[in-house]
Amino acid sequence: MHKQYRKRFLMTSSAAISLIFIAMYIHITNGTFDMSIKDVVTTLLRINPNNDFDLVIFQFRLPRIVIAALVGLGLGIAGTVIQGITRNGLADPGILGINAGAGTSIVIFMFLFHMQLVASSSSNWLSILLMPLFGFVGGVIAAIIIYSFSWRNGKLDTQRLILTGIAISSGFGALSMYISLKMRESDFEMATVWMTGSIYNANWIFIVAMLPWLLILIPVIYKKAYLLDYLQLEEATIKSLGIEIEKEKSILLLCSIGVISACVAVSGSISFIGLMAPHIARQLVGIQHRYVIPTSAAVGMLLVIFSDYIAKTVFAPAEIPVGIIVAIIGVPYFLYLLVKSKA
Amino acid sequence: MVSNIIRAQKLTTGYEKFTVFSDLNTTIKAGQITTIIGPNGCGKSTLLKTIGRILKQQSGEVFLQEQDMKLISTKEIAKQLALLSQNPEAPLQLKVEELISYGRFPHRKNVGTLSSKDIEVIEWAMDITKTTAFRDREIAQLSGGQRQKVWLAMALAQETSILLLDEPTTYLDLAHQLEVLKIVERLNKEHHCTVIMVLHDINHAARFSHEIIAMKEGEIVTVGSPKEILAKDVLKQVFSIDARIMIDPENGAPVCFGYDTFLEQE
């Protein structure tokens, strides 16, 4: 019985990894400055380094692809966990207001520290590293508000969770807007571009800033992945099995908030990935979370890399924030899920 | 002399502002089937859930083999006591065997793979509940009766000496009701399982229980053998019904074969 799931998982993950490499390949070789695969490989392997190629790959394309991959990975995992905890397939970090909470506190951060549009100078190092932490605080505040409003009779009421999430989300959205209107012109531009979800000002420092969060929290989530299977039962049964349900839920939720905040800090609010990736993953590998989580991570990576490729090429040389592309794909998918879940 | 396996002392439970029962004392004897009966809203399910630490009491203690349950870790309790809830839910795509294997949770160290002991207990649980035949099916494909047996198998896979069943026969047809209760009876007889259950059907309670706890409005009215509880005066007091009772010549259990309300007189 288990072998069958395992086989499906191994097949799916090898397919997903190949697709991710193909997407990365297309992304890295195409753009305003086309390169051949040979150029890319020789540059990466440092054979006959060429300054132009070095600049394009190491300063522009590679960090961007890495960030797209990491953000997709993080959001795919966090989305799976949030859907698992709430037992609601329409839950998503964006819908629950965690994105918005993290976003608002990062806007406040930008307001206070006057981030530059191109955060390339090394003087900004510390502030960039602090961004995910700020995002985390905002995400936790949003989560606490959502939690306390949806807490009824000593347990989490999923229906209320979604409703409060939507309210909190628009509340924080308005707050972000208000603060960004008070900003200096340069900060405002940075904030707006960032809020819609974009990664085109990608930078290695961003990667350094988000990596520790992912490296620490994702293993914790993965270690508890099997618990998400049990959390799909109803409360009395979970408790009867000897699972400390509220404690485990809180640990998983906090870890996801950390991951989401790190993603939001570098890429702004890219919604719908956390919604779509887990669904696609479940259709591919079934419902066991130890398979769903890595698959959802891979699907998330693929979606963001692919969307970002579209974002940079469709109106080239002008760029569209990747969040908009994801939303264009995501809105119909969300509606499709709604219709399907009603039937 | 039968020893007490569970003892509730001055137990008070409620939801937010509403108290279901307060300062309740009761004991459950080891190796017996004890059934809690009473009208809707009398607190029988609440009592069962509090004993099974699904609901937290507001005050008072529950002792499991004379140990305060608050001082035992919930996982340790899960090795001794399993509860089958009133309306269990699982993802519809879940396979029967997998759901039953969830019952092994408190015993498992390695979450990735099942030990040979785990597999042995799961097979036993499927065997005794007669669910082996549809082990590979998804929950969605099962009838209500089959589902209930699968849930019972999951509770059995927990391998506990105490089983708490919250209205295990609700929504089942007559034959399935009996089948579930006969499995429970067999567990008690052959495996010395202590069973505490909540039932609506007083005839089933009388036929399958050693002891019946009759509750009304958050209080225990009386505790006794089926013959003591299925008596005109007790049923009048508990359910406000005028019951007609006889002894089933087949199994010697008291049966309420008809009843009327007292509403007009009072």
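Me: What makes S9(B) and S10(B) a hairpin, and how many residues lie between them?

Reply: S9(B) and S10(B) form a hairpin with 2 residues between them, and Glu217(B) in the turn has a positive phi of about 45 degrees. This is a predicted model, where local features need pLDDT of at least 70 and side-chain atom pairs count only at pLDDT 80 or more, while totals for chains, interfaces and linings use all residues. Residues are numbered from 1 along each chain as its sequence is written, with chains lettered from A and ligands numbered from 1 in the order in which they are written.

Me: How do you know that strand S9 and strand S10 of chain B pair?

Reply: Strands (E runs of at least two residues in DSSP) pair if DSSP finds at least two bridges between them. S9 (residues 211-216) and S10 (residues 219-224) of chain B have 5 bridges, so they pair by that rule, in the antiparallel sense. One bridge links Met215(B) to Ile220(B).

Me: Why are S2 and S5 of chain B said to stand at the edges?

Reply: The open sheet has the order S2-S1-S4-S5 in chain B. S2 (18-29) and S5 (67-68) each have a single partner strand, so one side of each is left without a neighbour in the sheet.

Me: What does Val259(A) touch, not counting residues up to four places away in sequence?

Reply: Contact needs C-beta atoms, placed from the backbone, within 7 Å. Among the residues that Val259(A) touches are Gly74(A), Ile77(A) and Trp213(A).

How values were computed: Contact = placed C-beta atoms within 7 Å. Helix = DSSP H or I, 4+ residues; strand = E, 2+ residues; numbered from the N terminus.
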